[in-house]
Amino acid sequence: MAARDRIVNSDPLESLDHARLARLLPDLLLIGQLIDRAGMPALLGEFGVDGMRDVAIEEWQAASPHYTRRMKEALSITGDGVAEIFKGFQLDVGAPPEFMDFRYAVTDHDHGEFWLDHCGALMDVEPMGDRLVTTMCHDIEDPTFPATALATNPRAVVEPVHRPPRSPEGRTPHCHWTVRIDPDSEPAAWPEPAVESASSRLIDFAFEPPEPRDTTGEGPRDDYAGPLLTDLSFPEFTAAALVRMTREVYLQMHLLAVGFHQSVRRRSDAETADRLLAYQATGIAGVAAGRIRDVLGVEGDAHGLAAVLDLHPLAGPTAYTGYSSSVSGDGASVTVTWDTAADAFADDTWMPLLARDGLRPLAAAAQAVDPHWTVERVPSDSSRVEAVLRLGDVPAKESDEVAVTRISTGAAFDFGPARTPLPITPV
């Protein structure tokens with residue numbers, strides 16, 4: 001039986017209650033946004049600003065057309081108009097709610113606009129000066145917004161009304177864009193990075209449907225058919241829908257890693273791509289574990305650590321990564337295992353790094369739960385990657401990769417009060 005045909009019944013998401021799923025999802029969207037922050041310092045050191053810019057463009061171009069299509073299919077988002085393009089934005093790690101506070105207006109099927117009342121990415125970059133702001137808000141956004149939109153309609157045109165550097169200083173909204181469908185234009189071709197990443201197994205990876213459960217007390221939405229909403233209130237979705245969305249958000253993260261690795265490898269070599277991807281993986285691993293720990297409200301003991309790691313991007317989605325974990329009977333250790341027959345080990349994501357003795361990301365994740373956790377690889381054949389985590393006597397110092405990622409305002413971002421979703425109707 002092919003790896004992608006294996007049925008895995010141990011998805012940790014299935015054991016979460018509805019409320020916890022609804023709280024976890026926006027955090028994972030934010031964690032996905034921070035993957036970019038985790039990798040950029042390594043790119044700047046290796047290639048300078050221009051090289052960092054080019055990898056960032058190719059990273060998002062490789063990922064967003066594919067994951068936008070997947071998310072739309074998972075939530076029965078049909079249609080090819082501006083409203084459907086905006087629905088894709090709302091479930092994109094490039095636009096986590098509130099941190100990237102997208103607002104939308106729709107004129108008709110072919111015309112609409114969006115603006116950011118708050119852009120956390122701008123808040124991170126603006127203190128670094130206009131050159132980096134222009135790199136992000138012009139050079140990177142100009143080719144990547146259309147790459148996301150073409151998954152819904154290849155004749156979509158995304159154009160700025162205004163964007164930073166902000167003039168006058170402090171201008172709001174932070175940026176403003178129009179989107180239109182031009183029926184007379186030639187359909188946009190898929191960017192070359194998306195063509196290369198299309199060979200990845202995760203592109204067409206199929207999940208088993210979530211296990212049926214009692215929907216009493218859950219929200220009524222099982223998909224995102226119907227009108228575009230001003231905001232998504234995740235508690236209004238069923239647990240099954242939340243599981244489907246969360247699985248897709250994990251794959252969005254892996255697609256970004258694939259795009260990052262392939263872009264770096266194109267301009268250097270496999271060894272450099274592995275080294276920089278390991279830097280990215282380590283930086284995001286620590287920040288992600290800290291945020292997931294807070295969502296779960298767990299202690300730093302073995303059961304708490306296992307709960308965090310089970311939901312971590314290094315583990316999820318388990319059907320794709322082949323991850324499993326167990327806590328020892330005395331509660332003194334956690335054993336984590338990745339089955340190397342899993343599809344993730346055939347892709348250019350983080351899993352092959354673990355197989356090549358790169359457990360630094362796992363250590364960063366564990367030590368964000370409690371700095372006393374240590375990681376020891378278990379010798380094994382090539383069929384698995386296995387490690388045992390135990391509490392040590394001396395707390396580990398936070399790694400440089402995690403410390404640099406934590407500079408982003410997103411690392412400690414707090415979501416505000418729930419917003420009431422309102423339908424956006426054509427004006």
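This is a predicted model: local features need pLDDT of at least 70, side-chain atom pairs count only at pLDDT 80 or more; totals for chains, interfaces and linings use all residues.
Student: What makes β5 and β6 a pair?
Tutor: Pairing takes at least two bridges between two strands. Five bridges join β5 to β6, residues 333-339. So β5 and β6 pair, and they run antiparallel. Tyr323 stands opposite Trp338 in β6.

Student: Which order do the strands of the open sheet take?
Tutor: The order is β5-β6-β8-β7, four strands with antiparallel pairing.

Student: Why do β5 and β7 stand at the edges?
Tutor: β5 (323-327) and β7 (373-377) each have a single partner strand, so one side of each is left without a neighbour in the sheet. Neighbouring strands of this sheet are turned by 20 degrees against each other on average, direction ignored.

Student: How do you know that helix α8 packs on the sheet?
Tutor: Contact means heavy atoms within 4.5 Å. Helix α8 (residues 302-310) touches β5, β6, β7 and β8 (384-391). Its direction makes about 170 degrees with that of β5.

Student: Where does helix α11 lie?
Tutor: Helix α11, residues 360-369, lies across β6, β7 and β8. It runs at about 155 degrees to β7.

Student: Why is Thr282 called buried?
Tutor: The cut-off for buried is under 20% relative accessible area. Thr282 has 1% relative accessibility, so Thr282 counts as buried.

Student: Which helix holds Thr282, and what does Thr282 touch?
Tutor: Thr282 lies in helix α7, residues 270-296. Leaving aside residues up to four places away in sequence, Thr282 touches Arg360, Pro361, Ala364, Ser399, Glu401 and Val402.

Methods: Residues are numbered from 1 along each chain as its sequence is written. Side-chain values use heavy atoms; hydrogens and water are left out. Helices (H or I, at least four residues) and strands (E, at least two) are DSSP runs, numbered from the N terminus. Axes are lines fitted to C-alpha atoms, for helices over the stretch in contact, and angles run from 0 to 180 degrees between N-to-C directions. Buried means under 20% relative accessible area, exposed over 50%, partly exposed in between (1.4 Å probe, protein chains only).
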